[in-house]
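Follow the chain through its helices, their packing and the residues between them. Keep the sequence beside the model as you read.

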Amino acid sequence: MYPEFLTKQSSAILGPIARLLGLLMNYIFKFLNLIGLPNIGLAIILFTIVIYMALMPLTVKQQKFSKLQTKMQPELNAIQKKYKDKKDNDSMMAMNQETQAVYKKYGVSATGSCVQLIIQMPILFALYRVIYNIPAYVDLVKDAFFPLVDNLIAIKGSSEYLQETQAAAQFAKQFTNENFTSGVTEYVQNTFIDVLNKFSSADWSALAERFSAVSADVTSTVTKLNYYNNFLGINIGNSPSYMFKEGWAGKSVLMMVAAVAAN
């Protein structure tokens, strides 16, 4: 696996989790495609709901722990106050024993909440990775970039053009990577897709104008991506800043998304 953005997460901890979640996302999108609703926004919603339901037992345990923590806190504070000025070993051991007795009384572990968070955090990070890099995990979305990517790679100057776009800023290191400079096919393809996947509608128009030889391919790719990305009449493939420029419709959707995220 190459370490580029399009390639699936390859770290020891997040890698396996991201690949598993990626398979789930891929199956969800394929199912939606079978019923005639291949929509990335809808797929993300269903994907998030499934993950949320899977994590529900941990969430419930964490909420219970929080409630018990509130009940225990006065007793824990009393113990801390009791031994506030006592730093000898006997006092510290006694304080620890009394603290453990409180946790035992309420039937919880002092590290219970931490363990639940440790379990959830890698899953949430992997979840973000999958959503942020949809083409890496959803076959139909990645396929939408072909044959455009291969035809664009074959055109002299296309690589330099992409590097100068705003969308390429976060992928700068990939263009100087040995796999890219030596022309490793998969790496070059993935780098192009990484950048193109961050294109706004204006970027696509500029690309078609600059490389007229692939304008038909650009149109075909954009048509597929717009079909996949259209959610409530808004192209979610566009960046938030671009949607703000487009008017109140884009702003309204962004506000809705922000409100849901805040909750």
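Contact here means heavy atoms within 4.5 Å. Leu42 is part of helix H2. With a relative accessible area of 27%, Leu42 is partly exposed. On this scale, buried means under 20% relative accessible area, exposed means over 50%, and partly exposed is in between (1.4 Å probe, protein chains only). The C-alpha atom of Leu42 is separated by 9.3 Å from that of Asn229, although the two residues are 187 apart along the chain.

Some ground rules come next. The model is predicted, and local features need pLDDT of at least 70, side-chain atom pairs count only at pLDDT 80 or more, and totals for chains, interfaces and linings use all residues. Residues are numbered from 1 along each chain as its sequence is written, and side-chain values use heavy atoms, with hydrogens and water left out.

Now take the chain as a whole. It contains 15 helices and two strands. Both kinds of element are DSSP runs numbered from the N terminus: helices are H or I with at least four residues, and strands are E with at least two. Of the 263 residues in the chain, 38% count as buried. Among contacts between residues at least 6 apart in sequence, 68% join residues at least 24 apart.

How do the helices H1 and H2 pack? Helix H1 (residues 14–34) and H2 have axes 9 Å apart and pack at an angle of about 130°. Axes are lines fitted to C-alpha atoms, for helices over the stretch in contact, and angles run from 0 to 180 degrees between N-to-C directions. H1 and H2 are therefore oblique to each other. Angles under 35 degrees count as roughly parallel, over 145 as roughly antiparallel, 65 to 115 as roughly perpendicular, and the rest as oblique. The crossing of H1 and H2 is right-handed. A crossing is right-handed if the near helix is turned clockwise from the far one by less than a right angle, and left-handed if anticlockwise. On the H1 side, Leu21, Leu24, Met25, Ile28, Phe29 and Leu32 meet Ile40, Leu42, Ala43, Ile44, Leu46, Phe47, Val50 and Ile51 of H2. By class, this contact of H1 with H2 has 14 nonpolar residues, no polar and no charged. In this scheme Ala, Val, Leu, Ile, Met, Phe, Trp, Tyr, Cys and Pro count as nonpolar, Asp, Glu, Lys and Arg as charged, and the others, Gly among them, as polar.

H1 also holds Asn26. Asn26 is buried, at a relative accessible area of 6%. Beyond its neighbours within four places in sequence, Asn26 is in contact with Tyr137, Val138 and Asp139.

The contact of H2 with H3 has seven nonpolar, three polar and four charged residues.

Further along, the axes of helix H12 (residues 201–210) and helix H13 (residues 215–229) come within 8 Å and cross at roughly 160°. That makes H12 roughly antiparallel to H13. Trp204, Leu207 and Ala208 of H12 make the contact with Ser215, Val218, Thr221, Val222 and Leu225 of H13.

Which residues touch the most other members of the largest nonpolar core? They are Val141, Leu162, Leu196, Trp204 and Leu207, in a core of 50 residues. A nonpolar core is a set of buried Ala, Val, Leu, Ile, Met, Phe, Trp, Tyr and Cys residues joined through side-chain atoms within 4.5 Å. H2 gives the most to this core, with seven residues. A second, separate core of nine residues includes Phe65, Met72, Leu76 and Val108.

Val141 is in helix H6. At 1% relative accessibility, Val141 counts as buried. Sequence neighbours within four places aside, Val141 is in contact with Phe29, Ile40, Ile134, Pro135, Leu225 and Tyr228.

Finally, look at Pro147, in the loop between helix H6 (139–143) and helix H7 (148–153). The peptide bond from Phe146 to Pro147 is cis, with omega near 5°.
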